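Open your viewer and get ready to select residues by number. Each stop below tells you what to pick next and what is there.

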Amino acid sequence: MTGFTGFALRRAVGAIVTLLAISVIVYVVFYATPGDVAQITCGPRCSPAQVHQVAQQLKLDDPLYLRYWHFLQGVVAGQDYSTGTSAEHCSAPCLGLSYRSDRQVMQIILGKLPVSLSLVLGAMVLWLLLGVGTGVLSAWRRGRLTERALTGVTLAGVATPSFVIGLVLMIVVCGQLELLPFPEYVPLSADPEQWMWNLLLPWLTLALGEAAYFARLTRASMLETLAEDHIRTFRAYGVGERSIVGRHALRGALAPIIALNANDVGAMVGGAVLTETLFGLPGIGQELVHAVNVVDLPVVVGMVLVIGFFVVLANAVADVLYAVADRRVVLT
């Protein structure tokens with residue numbers, strides 16, 4: 001199969017293989033560690049009978065490869081868990097059962113995921129608009145006062161931690177100016193307007209720091225593209241500078257921007273812990289930290305796999321966008 005369809009299919013197969021490799025590594029790291037895995041998973045307050053039950057559910061008497069196979073079967077087809085007096089069915093994709101809360105891991109994740117996705121996707125729109133726009137303007141006005149001013153702003157953005165930006169925004173915008181309420185997550189389905197206003201400061205907190213990286217990368221890529229031969233040819237034929245910058249140079253500079261955006265979006269689904277904690281947003285990152293603190297292994301494993309899924313998905317989408325931005329990628 002050739003062309004764009006074949007390219008997309010190869011990327012999809014590669015993403016699936018990568019996810020399988022991630023699941024093997026994560027499972028081995030967490031469930032082949034020294035010590036009593038059943039005791040660690042169940043918790044220090046579990047009775048010997050509860051620990052024995054967990055050991056049976058995790059099939060710890062089986063070889064590691066067989067236990068991983070049972071885990072993979074649960075992800076694909078679901079499995080049953082004994083709760084003492086009855087059995088509970090965990091539908092696919094089943095990532096296990098939390099022995100701290102007696103809830104299915106997937107239910108915990110699905111309860112937190114909308115918060116993290118709302119935070120990351122909204123911030124992504126802002127950092128792309130601010131970062132790419134600033135980078136293009138800086139490259140276009142190279143050597144002028146505008147470029148020097150924008151370069152100073154981006155350096156300050158790179159050097160400033162996100163929690164400092166968030167604290168300053170809360171003190172100034174919410175406290176002194178009282179332009180926005182202190183953020184409190186409101187579901188999009190409940191009130192879209194309040195959802196947006198309450199997430200505006202968290203979006204800005206994530207976006208301002210990331211926008212600085214995108215501005216620097218965009219400027220460097222634009223300057224490299226503007227120095228290429230085909231750009232000089234466009235100028236020789238009298239094509240306007242705005243058209244050259246907006247239509248030709250920017251498209252040639254998109255590849256590194258797409259790559260950086262894919263890595264950031266995938267990683268921040270579970271990596272925006274400071275921002276979620278600062279604004280009290282009950283997202284994936286905050287839940288992952290809690291699960292690590294209480295050593296809730298099934299939740300930790302499930303969340304690491306979900307975060308890995310979004311990283312792989314974001315990079316697979318980025319590969320497809322490469323092909324849209326530059327059709328030569330399809331031939332590789």
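**Stop 1: a sulfur link**

Select C90 and C94: these two form a disulfide, with their sulfur atoms 2.2 Å apart. Here a disulfide is a pair of cysteine sulfur atoms within 2.5 Å, and by that rule the count comes to 1 disulfide. A disulfide is a covalent bond between the sulfur atoms of two cysteines. The link of C90 and C94 is right-handed, with 110 degrees about the S-S bond.

Before moving on, note that this is a predicted model: local features need pLDDT of at least 70, side-chain atom pairs count only at pLDDT 80 or more, and totals for chains, interfaces and linings use all residues. Residues are numbered from 1 along each chain as its sequence is written, and side-chain values use heavy atoms, leaving out hydrogens and water.

Are C90 and C94 buried or exposed? C90 is buried, with a relative accessible area of 1%, and C94 is buried at 0%. (Buried means under 20% relative accessible area, exposed over 50%, and partly exposed in between, using a 1.4 Å probe and protein chains only.) Another cysteine to click is C174, which counts as buried at 5% relative accessibility.

**Stop 2: aromatic rings**

Next come the rings. Rings of Phe, Tyr and Trp (its six-membered ring) pair if their centres lie within 6.5 Å; planes under 30 degrees apart count as stacked, over 60 as edge-to-face and the rest as tilted. The whole structure has 6 aromatic pairs. Select W195 and W203: their ring centres are 5.4 Å apart and their planes stand at 75 degrees, so this pair is edge-to-face. W195 is buried at 17% relative accessibility, and W203 is buried at 9%.

Now go to F309 and F310, an edge-to-face pair with 5.4 Å from centre to centre and 75 degrees between the planes. F309 counts as partly exposed at 37% relative accessibility, whereas F310 counts as buried at 16%. Finally, show Y27, Y31, Y68 and F71 together, as ring pairs link them into a cluster.

**Stop 3: helix α4**

Select residues 64-77, which make up helix α4. (Helices, H or I of at least four residues, and strands, E of at least two, are DSSP runs numbered from the N terminus.) Which residues of α4 are buried? They are R67, Y68, F71, L72 and G74. Look down the axis of α4: its buried residues fall within an arc of 155 degrees, so they line one face of the helix. That arc is taken from the directions from the helix axis to the C-beta atoms. An α-helix has 3.6 residues a turn, so residues three or four places apart point the same way. Turn to the face away from the buried side and you will find the exposed residues Y65, V76 and A77.

**Stop 4: the bend in α8**

Select residues 192-226, helix α8. Where does α8 bend? The bend is at L200, by about 40 degrees, and a proline, P202, follows within four residues. (The bend is the angle between axes fitted to the seven residues ending there and the seven starting there.)

**Stop 5: I244**

Finish at I244, in helix α10 (residues 241-252). I244 counts as buried at 0% relative accessibility. Not counting residues up to four places away in sequence, I244 touches L226, I231, F234, R235, V239 and A249, where contact means heavy atoms within 4.5 Å.

Note on methods
Expected span 1.5 Å × (residues − 1).
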